[in-house]
Amino acid sequence: MILLAGTSESGKSSAGAHLARDHRARRVKIRSILAELTSGRPVTHEGVPMREGFDHQEFLILVRQLPEPGDPRVLVIESFIDADLAEATKRAWSGPAHIVFITATRANRITRLTTAADLSRAEAAAVIDGKDARKRVMQQWHQWRSITDDWIDNDGDYPTFLTRLDAVLIRLTPDTMREEMM
């Protein structure tokens, strides 16, 4: 299992899409798990109903139920925003689990969002700052640094980013699985 975490607009969704498309991993967005929870309080983020303040054990039960017969051998869950939950998920997983934190400078994230969403720089900055504040990115920075297996500074070009992701997957994947995933 690969747990993707990171700052807003840093490339987590691109990473999940790449691993699913090019390496046949099963990609699960964390919001789909959060939407199934019954504990905690209901909230809506970016138009998606989910839960906050939920019981971590309930979340872990749902994660353990994710693998289905015929699933790819690698499960990718994106986008963790809580370091404690990511660490608990890694510990609870019955097989190898790896936390990958993806970040980029604020300026690069603003530029990417400006291009992708046709926003002004001020609008993109407001979106990114709002998401980062809600996700408590800076408050958890040191914790993420201590629990992360691979830290990817995604300030370079897209092919370099994908090469770094591929290197993570290769390190995690037994030789017997590599052929079927590539």
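User: What counts as a pocket, and which residues lie nearest the centre of the largest pocket?

Analyst: A pocket is an open set of grid points with protein on both sides within 12 Å along at least five of seven lines, and lining residues have an atom within 4 Å of a point. The model here is predicted. By that rule the largest pocket is lined by 38 residues. Those nearest its centre are K12, S79, I81, R134 and K135.

User: Which element gives the largest share of the lining of the largest pocket?

Analyst: Several elements each supply at least two residues of this lining, including α1 (12-23), β5 (75-80) and α8 (158-172). The largest share is four residues, and it comes from α5.

User: Is the aromatic pair of F59 and F80 stacked or edge-to-face?

Analyst: The structure holds seven aromatic pairs. In the pair of F59 and F80, the centres are 6.1 Å apart and the planes make an angle of 80°. F59 is in helix α3 and F80 in strand β5, 21 residues apart. Planes over 60 degrees apart count as edge-to-face, so this pair is edge-to-face.

User: Which residues form one aromatic cluster with F101?

Analyst: F101 pairs with W144 in a tilted arrangement, 5.4 Å centre to centre. Both F101 and W144 are buried. The cluster with F101 is formed by W141, W144 and W151.

Note on methods
Residues numbered from 1 in each chain as written. Predicted model: local features only at pLDDT ≥ 70, side-chain atom pairs only at ≥ 80, totals over all residues. Heavy atoms only, no water. 1 Å grid on protein atoms, 1.4 Å probe; cavity = no way out; pocket = protein on both sides within 12 Å on 5 of 7 lines; lining within 4 Å. Phe/Tyr/Trp six-rings, centres within 6.5 Å; stacked < 30°, edge-to-face > 60°. Buried < 20%, exposed > 50% of the residue type's maximum accessible area, 1.4 Å probe, protein only.
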